[in-house]
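Biologist: Please show the sequence and the model, and then take me through some of its features.

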Amino acid sequence: MSVFTNPASSSKEQARAYTSAVLDLLGDRKPVDVLKRTGSALKKAVRGLTSRQMGKREAPDRWSIKHVLQHLADSDLVLGWRMRMILAHDRPPLTGYDQDLWAARLGYEKTTPDDALREFAVLRKANLRLMQRASANDLQRVGVHSERGDESIEYMMRLYAGHDLLHLRQIERIRRSFD
């Protein structure tokens, strides 16, 4: 299993390895810059693909590109909720979620890539606006993640930027599997 696999049943050690690997993808890039560019990078990554290609799974137990796009939109929904909880409450609990259950039970198979990209764009715009309005003190506020412990908004921004890069790489890998 890859270090980038993030099952809901993972141990604290696996969760730490996953977050460390995702943060390594970001490196010393500015999170806001990556977060701002992801929407256009996604459009570029899927340009020219047919609906059939976007729905083709890399392997039977793996996601398709449209799964990845909907996952990114839903991840931004979660990010927005978590940031709002942290900004409005003191040390709120942040519930983890099983991304594979979301994909299976929330109909990722039936989503359209265009709908997922539109949802992502709206959610990301709202989240970026919230990040950019936040003060330096706001960015240090924390929530308590059920699997990973204390996470500040600043940390979450880095994690989500790395997460974007991870999934952009995944889309490229899936595209290569078409050959």
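Biologist: What does the lining of the second largest pocket contain by class?

Modeller: This is a predicted model, with local features needing pLDDT of at least 70 and side-chain atom pairs pLDDT 80 or more, while totals for chains, interfaces and linings use all residues. A pocket is an open set of points on a 1 Å grid over the protein atoms alone where a 1.4 Å probe fits, with protein on both sides within 12 Å along at least five of seven lines; lining residues have an atom within 4 Å of a point. The residues lining the second largest pocket include Leu77, Trp81, Arg82, Gly96 and Trp102. By class, this lining has eight nonpolar, two polar and one charged residues.

Biologist: Which element gives the largest share of that lining?

Modeller: Both α4 and β1 supply at least two residues of the lining; helices (H or I, at least four residues) and strands (E, at least two) are DSSP runs, numbered from the N terminus. Five residues, the largest share, come from α4.

Biologist: Why does glutamine 70 count as buried?

Modeller: Residues are numbered from 1 along each chain, and side-chain values use heavy atoms, without hydrogens or water. Glutamine 70 lies in helix α4. Buried means under 20% relative accessible area with a 1.4 Å probe, protein chains only. Glutamine 70 counts as buried because its relative accessibility is 6%.

Biologist: Which residues are in contact with glutamine 70, leaving aside neighbours within four places in sequence?

Modeller: Contact means heavy atoms within 4.5 Å. With those neighbours left aside, glutamine 70 touches Tyr108, Thr111, Ala116 and Glu119.

Key. Buried means under 20% relative accessible area, exposed over 50%, partly exposed in between (1.4 Å probe, protein chains only). Ala, Val, Leu, Ile, Met, Phe, Trp, Tyr, Cys and Pro count as nonpolar, Asp, Glu, Lys and Arg as charged, and the others, Gly among them, as polar.
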